[in-house]
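I am opening my notebook on this structure and jotting down what I look up as I go.

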Amino acid sequence: MELKGRKVIEASPEVCFRLLRDPDVLVRTMPGLKELEPQEDGTYRAVMEMGVGAIKGRYAGRLSMEDVVDNTSYRLVMDGQGPGGFVNVNLMVQFNSQEPGCEIQYEGEAKVGGTVAGVGQRMLGGVSTFIMNQFFDKVAKEAQQQ
Amino acid sequence: MSRKLWGENVARREDIRLVQGQGQFTDDRVLPGMLYAAILRSPHAHAKIRQIDVASAQKMPGVIKVYTGSMVSGHLGTIPTAWIPPDSQLKMVPHPPLAVDRVRYVGEAVALVVAQDPYQAEEALYRILVDYEPLPAISDPVQALESSSPRLHEEAPENVALHWKVGTDTDEVFSGADVVVRQTFRQQRLIPNPMEPRSALVQYNSATGDMTAWLTTQNPHIHRFLMSGILGIPEHKLRVIAQDVGGGFGSKIACYADEVLTAFAARDLMRPVKWTESRSEHFVATTHGRDHYDEVELAGTKAGRVLAVRVKTYANMGAYLSTAGPGVPTILFGLIVNGAYDIAQASAEVYGVFTNTTPVDAYRGAGRPEATFLIERIMDVYAREIGMDPVELRRINLIKKEQFPYTNPFGIVYDSGDYHQTLDLALKTLDYASLRQEREALRRQHKYMGVGFSTYVEMCGLGPSQVAGAVGFQGGLWESATIRLHPTGKATVLTGASPHGQGEETTFGQIVADRLGIPLEDIDVVHGDTDRVSMGWGTYGSRSTAVGGGALAKAADRIVEKAKIIAAHMLEVPVGAVQYDAGQFYPEGSRERAVGIQDVTLQAHLGWNLPEGVEPGMEVSAFYDPTNFTYPFGTHVAVVSVDPDTGEVKLLRYLAVDDCGPAINPMIVEGQVHGGVVQGVGQALYEGAVYDGDGQLVSGSFMDYAMPKARFFPRLETQRTETPSPHNPLGVKGVGETGTIASTPAVVNAVMDALSSFGVVNLDMPLTPPKVWQAIQTSMAKGGPS
């Protein structure tokens with residue numbers, strides 16, 4: 001499944017970049033993200049609670065930010081496994097300066113497998129857009145508090 | 001002989017317990033101390049298993065034990081296939097019950113949890129940590145043959161499971177023919193979805209070594225045979241029981257890893273263990289059906305005489321070979337691609353291909369729907385090419401009544417038939433001429449109606465054991481029957497057939513009641529228990545009544561034979577002077593002196609005064625091995641309308657004229673036709689399993705997999721003709737699969753007829769509104785309807 005979108009937030013690219021790299025902020029803002037624990041190798045151990053249609057459950061896995069260019073971009077790589085199967089996300093995130101602050105662009109791919117693919121795939125596109133919007137709204141609020 | 005119940009619409013005796021909720025399905029059964037199993041299934045279509053960590057699952061509340069592939073692999077055999085078609089170069093790849101280091105389809109079993117209750121077992125599944133290394137996956141059988149495609153098995157380096165050719169050399173006919181039509185067809189993958197999902201309950205007695213397995217199976221004796229080998233339990237120590245089974249449609253033929261694992265755990269833990277599939281599991285873990293790419297060519301004259309047909313097929317086998325899997329796209333398909341037509345030359349070439357998908361096995365009709373679809377569709381393509389009415393084309397080419405027994409180009413001998421009679425009856429019932437006029441009139445108003453025909457024949461009543469052996473089926477196909485008359489004249493009838501919705505408790509009762517002249521309520525038909533029934537090969541391939549019924553008729557005749565000797569003794573007349581009619585034995589011309597079969601049976605049991613050389617008791621077994629398959633046939637007609645604005649196809653009328661020989665219970669025959677037609681229409685219009693590019697099944701629930709619903713159908717019209725099978729003791733032919741075989745092409749032909757003025761020759765099934773709408777749009781862009 002393709003993931004693609006953009007959002008403009010009233011804060012500088014530097015602030016947005018910092019917020020979106022901060023595990024505490026991510027746990028507060030990302031719907032369903034319950035834990036994000038830094039690991040020795042620079043990745044994070046992540047626990048998410050997600051529900052798509054009838055498939056609800058706890059997904060555990062790894063999250064890492066790769067190819068990091070400070071205040072400009074990084075690639076978010078996430079692998080999770082749960083009762084409904086697995087979710088793999090590979091997302092390029094870019095921070096561009098744009099009035100009145102920062103345009104965040106994301107583009108990439110999410111792969112789902114197992115029951116979540118068999119039962120929920122048809123709804124996933126809509127669900128992911130919905131989740132991303134919720135996420136960015138919360139990030140925008142965090143940015144205001146800065 | 002009087003036939004009091006033969007031909008009567010006797011209400012199904014099994015329904016009384018079923019509608020009262022007193023059926024005994026496997027999952028209904030509860031045993032003291034019973035544990036529950038759940039199976040962790042691969043979410044990946046193709047992956048290496050690096051590691052499986054069960055430590056945290058093992059600590060979950062209620063968990064008794066967690067099993068992985070490496071724990072069971074030394075103690076269990078692999079899951080075998082039981083059909084090895086000769087000259088097919090079949091690659092018998094190993095299929096471990098639990099994956100050890102690699103998974104090859106979404107749904108493959110990876111671990112088994114046994115817990116105190118089913119919820120604990122399910123919860124613990126998600127604590128099992130499997131470290132997968134995903135591999136590229138392939139789900140399309142044609143793409144899987146490309147050299148760049150991922151490979152599934154070392155034993156099959158090209159992903160080719162089998163390559164099989166049959167038939168005559170057709171090249172010369174094709175090169176010299178006036179007309180050659182070619183068409184490729186896609187026969188999409190279907191998911192059987194019987195009402196009852198699969199289930200297994202197994203109990204092991206460690207003191208005696210006896211194991212009892214309650215299974216959702218169509219063939220308990222085949223399951224016993226295979227499971228005994230896989231588990232290493234002597235056959236006489238393993239009892240398989242399939243009491244009530246809620247439909248199978250072929251999906252409960254196969255021996256699955258799930259039931260083997262449940263049995264293994266029951267033996268290991270020395271506690272009864274039950275496993276029941278969820279509906280979501282069913283979508284990925286139970287065998288699928290069809291999934292062909294076919295290239296069909298037909299050579300004929302301009303006057304409509306078919307000279308040759310040849311077929312090249314790519315059949316998806318899934319990731320492993322299921323029990324009957326290899327026989328379905330070969331023997332049950334290739335040998336009958338000429339259909340009901342007198343075609344001198346025909347050939348079929350089949351590639352069976354491994355892909356990262358759920359294994360494919362028999363699904364209602366198994367191979368014969370696929371063959372029928374091809375010939376019935378290409379006949380319509382040919383008719384359009386030469387500008388002939390498809391009915392006229394069929395009339396010219398159908399095998400004529402006087403040609404029976406008819407040997408087809410593959411050496412198969414069609415037993416009997418009057419194909420034109422069913423066609424004529426269909427045309428008369430429909431008033432075909434006025435239907436065509438109506439179609440033309442509607443067309444002038446830009447309304448699109450279509451009429452589609454399918455004049456089918458199928459090969460069922462499986463079958464002669466000698467042929468089974470010759471075509472590589474690793475079993476016999478005969479059937480057994482035992483009739484046990486108790487001292488009071490009541491009867492227990494045991495059959496090796498294993499009905500699971502077909503109503504043989506009723507129809508077999510009717511056969512015995514008629515032959516022995518005892519009331520139906522005095523007869524119990526017992527099936528689906530390997531300890532009670534000596535042997536049987538089960539219910540599939542429309543064989544139960546043709547073969548199991550044949551055995552039963554033989555057994556009944558033997559009862560009468562023995563009773564007659566005792567009756568003669570009682571009547572003090574020579575055996576040759578005794579007449580028998582409807583349970584009464586009497587001296588010729590003196591019916592008033594008759595003794596009833598019940599009295600004779602009592603004397604046989606008492607044994608006080610039996611004729612010399614006659615053994616006491618009244619129990620007879622018979623084994624019947626048919627000399628040929630049976631060949632039901634008929635004409636099915638679909639009338640549809642297509643809405644050009646939405647692409648929606650509506651079934652306006654459906655007529656099935658079938659000839660399955662004489663009907664023992666016409667109501668049950670009609671019920672079988674209804675169910676079969678609905679399933680076949682499901683393929684034509686609604687159903688389809690869809691895998692994405694990563695081998696994920698994206699149609700894994702009833703929200704995404706469209707099952708046919710009652711409201712999609714008009715009242716189904718049924719008619720019958722009766723042409724007995726000359727070799728079957730009852731003359732019967734079988735009717736369980738005809739509806740599915742005939743209806744799919746009838747409906748597609750009707751839709752193509754409706755779309756003919758848009759220049760549409762073929763669309764891939766299912767014919768969903770977007771697909772039909774798109775075809776109309778494409779035609780409109782080129783100038784619209786002609």
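**Entry 1: where the chains meet**

I started with the contact between the two chains, keeping in mind that this is a predicted model. I found 14 residues of chain A in contact with 14 residues of chain B. On the side of chain A that touches chain B, the elements giving two or more residues are strand S6 (85-98), strand S7 (101-113) and helix H3 (115-144) of chain A. Which of these gives the most? It is H3(A), with 6 residues. I also sorted that side of chain A by class, and noted 4 nonpolar, 8 polar and 2 charged residues.

**Entry 2: chain A by itself**

Next I looked at chain A as a whole. I noted 3 helices and 7 strands, and from the N terminus on they run β-α-α-β-β-β-β-β-β-α. The radius of gyration of chain A is 15 Å, close to the 15 Å from the globule rule for 146 residues, so chain A is as compact as a globular protein of that length. Along the principal axes, its C-alpha trace spans about 40 × 35 × 25 Å. I then looked up burial, and 30% of the 146 residues of chain A count as buried. Of the contacts in chain A with a separation of 6 or more, 51% are between residues 24 or more positions apart.

**Entry 3: chain B by itself**

Buried residues make up 56% of the 786 residues in chain B. For contacts in chain B with a separation of 6 or more, the share from residues 24 or more positions apart is 81%.

**Entry 4: domains of chain B**

I looked up the domain assignment of chain B. It gives domain 1 (17-25 + 34-135 + 193-285), domain 2 (289-462 + 628-781) and domain 3 (478-624). The C-alpha centres of domain 1 and domain 3 of chain B lie 39 Å apart. Their contact takes 18 residues from domain 1 of chain B and 14 residues from domain 3 of chain B. On the domain 1 side, helix H6 (220-231) and strand S11 (238-241) of chain B are the elements that give two or more residues. The largest share of that side, 4 residues, comes from H6(B). By class, I counted off 7 nonpolar, 8 polar and 3 charged residues there.

**Entry 5: cores and a helix with a buried side**

What is in the largest nonpolar core? It has 252 residues, and those with the most contacts inside it are B:Ala37, B:Ala111, B:Val113, B:Val512 and B:Val751. Helix H16 (residues 544-571) of chain B gives the most to this core, with 13 residues. Apart from this core lies another, of 12 residues, including A:Leu20, A:Ile104, A:Phe136 and A:Ala143.

I finished with backbone angles. Most residues other than glycine have a negative phi, and most peptide bonds are trans. Against that background, I noted a cis peptide bond between B:Phe404 and B:Pro405, with omega about -5°. The bond from B:Leu462 to B:Gly463 is also cis, with omega near -20°.

B:Gln89 is not a glycine, yet has a positive phi of about 50°. Is B:Gln89 buried or exposed? It is exposed, with 12 other C-beta atoms within 10 Å. B:Asn159 has a positive phi near 70°, and lies in the loop between strand S6 (129-134) and strand S7 (160-167) of chain B. With 24 C-beta neighbours inside 10 Å, B:Asn159 counts as buried.

Notes
Residues are numbered from 1 along each chain as its sequence is written. Chains are lettered from A and ligands numbered from 1 in the order in which they are written. This is a predicted model: local features need pLDDT of at least 70, side-chain atom pairs count only at pLDDT 80 or more; totals for chains, interfaces and linings use all residues. Domain bounds come from an automatic or database domain assignment. Two residues are in contact if their C-beta atoms, placed from the backbone, lie within 7 Å. Ala, Val, Leu, Ile, Met, Phe, Trp, Tyr, Cys and Pro count as nonpolar, Asp, Glu, Lys and Arg as charged, and the others, Gly among them, as polar. A nonpolar core is a set of buried Ala, Val, Leu, Ile, Met, Phe, Trp, Tyr and Cys residues joined through C-beta atoms within 7 Å. A residue is buried if 20 or more other C-beta atoms lie within 10 Å of its own, exposed if 12 or fewer, and partly exposed in between; C-beta atoms are placed from the backbone. The radius of gyration is taken over C-alpha atoms; the globule rule is 2.2 Å times the number of residues to the power 0.38.
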